[in-house]
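This report covers strand pairing and helix packing in the structure shown below.

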Amino acid sequence: MRPLIEMTNQTTILDPKLEQTVSQLRCIECGAVHKSASRTLRCPSCGDLLEIIYPAWKTSGGRAAGLNASELKALWRQRRSSRAAVDQSGVWRFREVLPALASGHEAITLREGNTPLYEMPRSARIAGVPHLYAKHQGMNPTGSFKDTGMTVSASFARQEGFRWVACASTGNTSASMAAYAARGGMRSLVLIPDGKVSWGKLSQALDYGAVTCQLKTDFDGCMRVLNEVVERMPVYLLNSINPYRLEGQKTAAIELLEQCDWQSPDHVIVPGGNLGNSSALGKAFLEMRELGLISRMPKLSVIQAEGANPLVRTVRETSGKRLIPVQAETMATAIRIGHPASWKKAVRVLEATGGTVEQVSEIEIAQAKAEIGADGVGCEPASAVTLAGLKKLVKQGFVKPSETVVLVLTGHLLKDPEFTLKFHRGDLFSGTPLESQAAILAAHERAPIVLDASADAVVKTLEQAETLADEP
Ligand code: F0G
């Protein structure tokens, strides 16, 4: 392995006219500003997480830095018709609000971002909010929101001269990292919990050429091992504590605002795992307001599975002051995380935007996933916590029926086909304590029907299906 080249924040300016893109690394706890990060990407002074800031924006909402809200909106729209790779990327087309790569260094891009915002009519009726949309981040190149962050952080890893990148993952980060490492000519090391990663995600990491280690522990255990590995070996950490990743993930919120014609929705609802994504989206809303692109922020709320609910407990039991880690267990394996790294960042976003937290049961997740599927959209189990949580927030009156709501769907339906097949065959909860409660899911189940190869048999099935109510 090549020796480690020390990471710096010398994000040299891409275009000399765009001096506003100079960024710094600042500790979220002690506020110290650093030129470089330690290998664990933590504050060298106090050990907490770092975030990227743009000091030039401080004065007059970015105008002093030459950022003008209406010019930015026009420039970002105009790039959509460009043939340049960085303009076609739904991340780098927002590069005025991202850390800039040094001249001579190209972004590693798979044309990530540019994901659709779908109307969700059936789910809207079910939740009782007519204006319901889904921002489908599962429509990214590797099928999850991770790509928007990976294009930025992998590009910086390559700029810094790293040959190896690494992550601990519940599956999606590893798939994304492996793809971007391969595109960027780097090697990748993946640590995943043995037996708790869906086959779809695991197969992606293998195909993109990652060295994939299944450790006999959970995600939190993989994270602990990886932190030791990066101290000992010259590998670049690409988990979401990497602040460059969150800068990329931020662009999903910017793109969402653009799709809403810069009129903020009232609520944005995201699943919570390691809590990087909620932190990134919230950072974007705050920055877009600071730069005058929006006048009002959406309330950003985070939903967790009941069995993996450290943020919910932290907010409810300590008012967000102290993390309450949990031993995580949920079939939504992507968010099976008990000790989230970015909890402080997420708490700050909840407070700054006026959002809330909620938790949902395994049965509620399975039902909501089928409902999102019935809208012709589909998603992986972790993403479905958003609709399940929304139903609760409407009942509680936190979300009003007149308000506009956007669910962030984080992963593609095909990420976890085993969950979907078991659900429709009616055996997702077989042999578990939830088996009897799961009876309420029967109306949503559409098991494959095995028939003789005859038109009569198919016509009979069609006629039977016709007599069944179409609506859930
Ligand atoms: N949804 C999906 C589909 C995910 O894969 C993840 C996280 C989340 C939601 C939660 O996002 O961690 O930013 O709060 N997956 C990580 C991984 C942990 O390793 O793929 P978060």
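## The four-strand sheet

Four strands form an open sheet in the order β8-β7-β6-β9, with parallel pairing; two strands count as paired if DSSP finds at least two bridges between them. Strands β8 (211–215) and β9 (235–237) are at the edges with a single partner strand each, so one side of each has no neighbour in the sheet. From one strand to the next the twist averages 25 degrees.

β8 pairs in the parallel sense with strand β7 (residues 187–193) over 5 bridges, and Thr212 in β8 stands opposite Val190. Helix α7 (residues 219–232) packs on this sheet and touches β6 (164–168), β7, β8 and β9, contact meaning heavy atoms within 4.5 Å. The direction of α7 makes about 145 degrees with that of β7; axes are lines fitted to C-alpha atoms, for helices over the stretch in contact, and angles run from 0 to 180 degrees between N-to-C directions.

## Basis of the model

The model is predicted: local features need pLDDT of at least 70, side-chain atom pairs count only at pLDDT 80 or more, and totals for chains, interfaces and linings use all residues. Residues are numbered from 1 along each chain as its sequence is written, and side-chain values use heavy atoms, without hydrogens and water. Helices (H or I, at least four residues) and strands (E, at least two) are DSSP runs, numbered from the N terminus.

## Strand β11 and its partners

Strand β11 (residues 299–305) is largely enclosed by the rest of the structure, because 6 of its 7 residues are buried (under 20% relative accessible area, 1.4 Å probe, protein chains only). Strand β10 (residues 267–271) pairs with β11 in the parallel sense over 5 bridges, and strand β12 (residues 357–360) runs parallel to β11 with 4 bridges. Ile303 in β11 stands opposite Pro271 and has Glu358 as its bridge partner in β12.

Definitions and conventions. Buried means under 20% relative accessible area, exposed over 50%, partly exposed in between (1.4 Å probe, protein chains only).
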